[in-house]
Amino acid sequence: MTKIIEPSKQSSIFRRPSSETGIWSWITTVDHKRIGIMYGYAAFFFLLIGGLEALILRIQLSQPDNNFLTAAEYNAMFTMHGTTMIFLAIMPISAAFFNYLLPLQIGARDVAFPRLNALSFWIFIFGGAFLYSTFIFGTAGAPEGGYLAEEVGWLGSAPNGGWFGYQPNAGMKYSPGTAMDYWAIGLQILGIASLISAFNFITTIINMRTEGMRFMRMPVFTWMTFAVSFLLAFSLPIIAIALFYVTFDRKFGTTFFLTEGGGDPILWQHLFWLFGHPEVYILILPAFGIVSEVLPTFSRKPLFGYAAIVFAGFGIAFIGFGVWAHHMFASAISPVAQAGFGLSTMVIAVPTGVKIFNWLGTIWGGKLKLNTPMLFSLGFIGMFVIGGLSGVTHSIVPADTQQTDTYYVVAHFHYVLFGGALFGIFSGLYYWFPKVWGKMYNESLGKIHFWLMMIGFNLTFGPMHWLGLQGQVRRTWVYAEETNLQFWNIVVTVGAFIIALSIIVFMINWIFSKRNGEKAPFDPWDARTLEWAIPSPTPVWNFSTAPIVKSLDDFWHTKYSEDEEGRAVRREEADQILLELEEDGLNPSEHIALPNPSYFPIVLASGLPFLGYAVIYKSIPLALIGTVLLLIGGFGWGTEPLEEEIHIDSDE
Amino acid sequence: MITLYIVSTLFLIIVDNINMLVKNIFKLKNLKFSALILLSACIENAPLDSLSPEGPYARSIDELFWLTFWIAVVIFVIVQGALLLSVFVFKEKPDSPEPKQIHGNTKLEILWTVIPVIILAVIAVPTVRTIFDLANEPEDALKIEVIGHQWWFEYKYPDYDITTANVLVIPADKPIRLEMWSNDVLHNYWVPKLNGKRYLVPGQTTYLNLHADSPNEFWAQCGEYCGLSHSKMRGRVLALSESDFDTWVKNQQQNANKLEGNSLAAEGQQVYLNAGCTQCHVIDGVWDVQGDRIAPNLTHFANRNVFAGAALYNNEENLSKWLANPAEIKPGTFMPNLELTEEEINALIAYLGTLK
């Protein structure tokens with residue numbers, strides 16, 4: 001096998017980058033697998049930072065009237081914890097899975113627009129860096145006319161208006177300084193990254209499926225990617241516009257959300273949650289997809305009710321746009337609106353229930369292999385059910401007016417987003433570890449990680465249910481001793497540190513196994529989907545021969561038939577088929593053209609933070625730098641030669 | 001397959017009986033107590049406890065919550081039970097046969113789509129009814145205006161021409177209609193033992209009903225994040241018997257007397273008049289503020305057991321801490337550090353003590 005880089009037939013000022021190893025190969029890569037890996041590491045880095053922020057919050061709350069943090073620091077920490085976990089950890093870690101797996105699951109060699117994929121990643125990186133530069137450059141302080149006893153330190157110089165940025169508190173008058181501008185513009189930049197990848201994935205799924213991969217033969221994870229991409233495409237423009245309004249209010253004197261200028265602070269809530277609720281499903285649907293892959297594999301049974309699970313996913317995505325005002329039951333929306341949104345919220349429980357029962361149907365009667373990914377998937381079901389049930393109590397509008405803005409809600413959405421999304425993500429990280437690295441992870445450490453996380457998670461978020469119902473209000477820097485909330489707050493803090501410990505175990509396992517783990521066999525899980533029909537780690541070109549799909553779970557059916565009772569029976573020729581697949585996967589017999597690396601995605605992306613700073617500091621030079629970078633990126637992108645393709649030829 | 005049908009039949013039977021089950025639970029009020037034991041986690045004497053209602057509004061919410069809670073418990077037990085059962089029964093053993101390749105079961109799937117719909121319909125009816133009940137303006141309600149400020153609640157009684165702060169005084173066993181708005185950012189008024197929360201919005205009037213069964217003191221807290229000292233935007237609701245309430249009203253309608261002479265309190269009045277307090281604080285009969293009244297009315301300050309957004313009990317120790325540097329206690333506060341001397345602070349405290 002040799003790689004030949006053909007010289008350009010067309011003269012151009014730019015040459016495509018050609019490094020295959022080293023830092024430049026990563027910076028210029030357009031390979032969906034490498035982009036996926038970079039997404040994963042960057043998101044995990046932010047997950048650690050967000051977790052650190054959570055631990056800081058929990059230390060402050062371990063005692064009533066504690067003074068570990070100042071109010072300014074506490075408010076900055078909870079704002080950054082929420083913003084980081086949602087926009088910089090869970091969303092991009094899902095993007096990591098989408099990037100790495102989507103082309104493999106549909107039998108494609110890359111996504112539809114490889115350079116756009118790289119652009120999306122780099123915009124995410126620059127957006128995250130921009131947002132976090134607030135700790136260096138940002139300023140925050142007391143509302144106009146208010147007094148502080150001490151300076152706001154660097155820790156308090158971060159956005160402090162909450163991840164929800166409710167107006168007018170997050171406006172200039174009540175949140176002076178630049179920190180909230182970093183928040184608004186940072187989210188704007190991150191939104192661009194998500195929009196680009198959403199369109200990329202939609203196009204990829206529609207156009208790049210291999211022969212025979214009809215829609216109803218796609219793996220559920222691919223379906224959920226599809227649903228999430230549509231959710232992103234429809235919900236992000238709403239928040240983009242709302243964030244522009246906020247930035248205009250703060251920087252240029254408009255009054256979209258300010259009462260004194262005829263604006264409406266409640267309008268912000270409508271816009272925010274019209275994005276914000278679909279966002280919840282953007283965070284959870286990828287985990288639904290992962291679990292729907294893991295459960296059948298380790299139950300050795302097909303997914304129970306494939307079509308129902310797919311349609312339930314889309315049902316959830318669709319209804320998800322009609323429930324936003326349940327975040328606002330304490331606002332003065334009319335009783336009719338309250339009833340309407342309460343009922344629509346109840347309705348969304350139905351497709352969610354369908355999924356849960358179908359998952360139970362999948363494992364029922366199976367042969368369950370209780371390894372780490374399976375444990376996380378089973379844990380996901382258990383924890384997500386709790387989050388789902390407490391979610392239904394929010395749809396009981398009168399009850400919600402007691403629960404809203406208390407720790408009960410904090411408990412609820414952590415059961416959904418941590419017990420749900422994050423458990424699903426960990427399940428996926430272990431499940432596809434052999435695929436990505438060609439090594440096996442350490443099963444014992446994986447199980448220790450699971451049990452520590454399960455215990456820590458429930459200690460942390462379980463007590464929050466009754467803490468909230470018995471009066472602990474969210475986003476409060478201190479609580480009075482007389483509220484008698486101390487005991488369970490200590491338990492919660494201890495739980496948070498157990499979670500931190502479990503994450504350390506995970507990291508040790510990851511680093512150790514990636515270096516010294518056993519070599520992964522070709523198909524370690526006896527799995528069902530196409531990504532397991534190629535060697536591990538995945539070759540650069542994915543598929544040597546484009547697979548032809550004849551049914552759902554095609555790879556499984558090449559290995560297994562059914563006896564008259566309907567039990568799976570391994571085909572005699574299965575081992576031979578696997579050997580052939582591996583041989584073919586490593587040695588492509590046809591000429592494979594892969595997309596070229598490119599310098600320009602990162603150049604183009606690097607212009608955006610400059611534009612952000614330009615708006616914050618109203619600086620023309622910064623705006624010029626940003627614009628020039630965008631122009632260079634765009635021009636270079638448009639004019640770089642396409643012919644210089646990397647060809648992979650067979651060894652002859 | 002047979003086991004599947006058994007499980008689903010059991011499921012059906014239980015769901016059929018939910019209504020009865022729930023009714024029985026409500027007949028036996030003690031069961032509510034056993035629910036607390038079940039949770040065994042519940043905190044006693046939590047002043048912001050939404051699970052111990054002390055008025056009809058909060059009670060109707062509480063009943064709805066427990067109805068939902070018990071239904072949720074049943075579903076929880078069924079689903080987690082099925083999950084654990086499958087894990088234990090179908091765990092891989094050396095002799096496990098390959099499983100049957102079941103792709104689904106339409107009847108079963110329809111069943112577990114329809115059953116949740118029925119359960120939700122059962123919850124939906126009382127929910128919608130309670131929504132409208134809670135929104136109705138009660139007859140013969142006492143109207144009180146609640147105005148949110150960063151970070152304290154102001155109360156006005158238009159019928160009695162009273163302005164006060166931090167402590168909302170109401171007659172017990174009488175419906176109260178709160179008309180609320182905000183002077184700055186969003187706030188959220190919450191007296192968990194009397195009703196749910198309602199926003200205070202700048203430029204918009206919102207309404208909330210309260211009704212306390214009997215004379216008692218209740219805690220209030222701002223629910224919505226409203227900036228630096230959101231945590232310390234608290235309050236008290238004091239429900240008084242009818243006669244006590246009348247006495248309170250009469251007292252509140254009195255102006256403060258201007259103090260003369262050389263007492264410490266009179267010195268304190270001079271401090272109040274000269275040190276800068278008069279920029280924002282009204283004391284009826286002594287000083288009226290020109291322009292916006294952005295700070296609590298102090299006319300009957302000594303009558304209130306808490307101050308500074310109900311973050312502090314009204315006693316000498318707390319007052320001297322507060323007056324020495326308000327921002328130390330409530331970061332972001334609009335009350336400046338007036339750099340008062342210790343003597344001035346002591347005099348002011350003596351004066352404030354006379355404002356009954």
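In chain B, 5 strands make up an open sheet with mixed pairing, arranged in the order β3-β2-β1-β5-β8. The edges of this sheet are taken by β3 (162-165) and β8 (206-210) of chain B, and because each of them has a single partner strand, one side of each is left without a neighbour in the sheet. From one strand to the next, the twist averages 25 degrees. The model in which these features are described is a predicted one. Within the sheet, strand β1 (residues 142-149) of chain B pairs with strand β2 (residues 152-157) of chain B in the antiparallel sense, and the pairing extends over 5 bridges. One residue pair that illustrates this arrangement is Val146(B), whose bridge partner in β2(B) is Tyr155(B). Strands of a sheet pair through backbone hydrogen bonds, and the pairing may be either parallel or antiparallel.

Another open sheet of chain B is likewise built from 5 strands with mixed pairing, here in the order β4-β10-β9-β6-β7. Its edge strands are β4 (167-171) and β7 of chain B, each of which pairs on one side only, and the twist averages 30 degrees from one strand to the next. Strand β9 (residues 216-222) of chain B is paired with strand β10 (residues 234-240) of chain B in the antiparallel sense over 6 bridges. Along this pairing, Phe218(B) has Val237(B) as its bridge partner in β10(B), while Ala220(B) stands opposite Gly235(B) in β10(B). Strand β9(B) is also joined to strand β6 (residues 187-190) of chain B, by 2 bridges, and these strands run antiparallel; here the bridge partner of Tyr189(B) in β9(B) is Cys222(B). Of the 7 residues of β9(B), 5 are buried, and the strand is therefore largely enclosed by the rest of the structure. Helix α5 (residues 242-252) of chain B lies across β4 and β10 of chain B, and the helix runs at about 130 degrees to β4(B).

Taken as a whole, chain B contains 9 helices and 12 strands, and 40% of its 356 residues are buried. Among the contacts in chain B that link residues at least 6 apart in sequence, 68% join residues that are at least 24 apart. According to the domain assignment, chain B is divided into domain 1 (2-93 + 100-135), domain 2 (142-252) and domain 3 (264-353). Where domain 1 and domain 2 of chain B meet, the contact takes 13 residues from domain 1 and 14 residues from domain 2. On the domain 1 side of this contact, helix α3 (residues 56-90) of chain B gives the most, with 4 residues, and the residues of that side divide into 8 nonpolar, 3 polar and 2 charged.

The contact between the chains involves 87 residues of chain B and 88 residues of chain A. On the chain B side, α3, α4 (106-135), β7 (198-200) and α8 (326-329) each supply at least two residues. The residues of the side of chain B that touches chain A divide into 47 nonpolar, 29 polar and 11 charged.

Ile102(B) is found in the loop between α3 and α4 of chain B, and Ile102(B) is classed as partly exposed because 18 other C-beta atoms lie within 10 Å, whereas a buried residue would have 20 or more. When residues up to four places away in sequence are left out of the count, Ile102(B) touches Lys301(A), Phe304(A) and Gly365(A). Helix α10 (residues 335-363) of chain A has 29 residues, and the distance from its first C-alpha to its last reaches 43 Å, which is close to the 42 Å expected at 1.5 Å a residue. This helix, α10(A), is mostly covered, with 21 of its 29 residues buried.

Key
Residues are numbered from 1 along each chain as its sequence is written. Chains are lettered from A and ligands numbered from 1 in the order in which they are written. This is a predicted model: local features need pLDDT of at least 70, side-chain atom pairs count only at pLDDT 80 or more; totals for chains, interfaces and linings use all residues. Domain bounds come from an automatic or database domain assignment. Two residues are in contact if their C-beta atoms, placed from the backbone, lie within 7 Å. Ala, Val, Leu, Ile, Met, Phe, Trp, Tyr, Cys and Pro count as nonpolar, Asp, Glu, Lys and Arg as charged, and the others, Gly among them, as polar. Two strands pair if DSSP finds at least two bridges between them. Axes are lines fitted to C-alpha atoms, for helices over the stretch in contact, and angles run from 0 to 180 degrees between N-to-C directions. A residue is buried if 20 or more other C-beta atoms lie within 10 Å of its own, exposed if 12 or fewer, and partly exposed in between; C-beta atoms are placed from the backbone. The expected span of a helix is 1.5 Å times one less than its number of residues.
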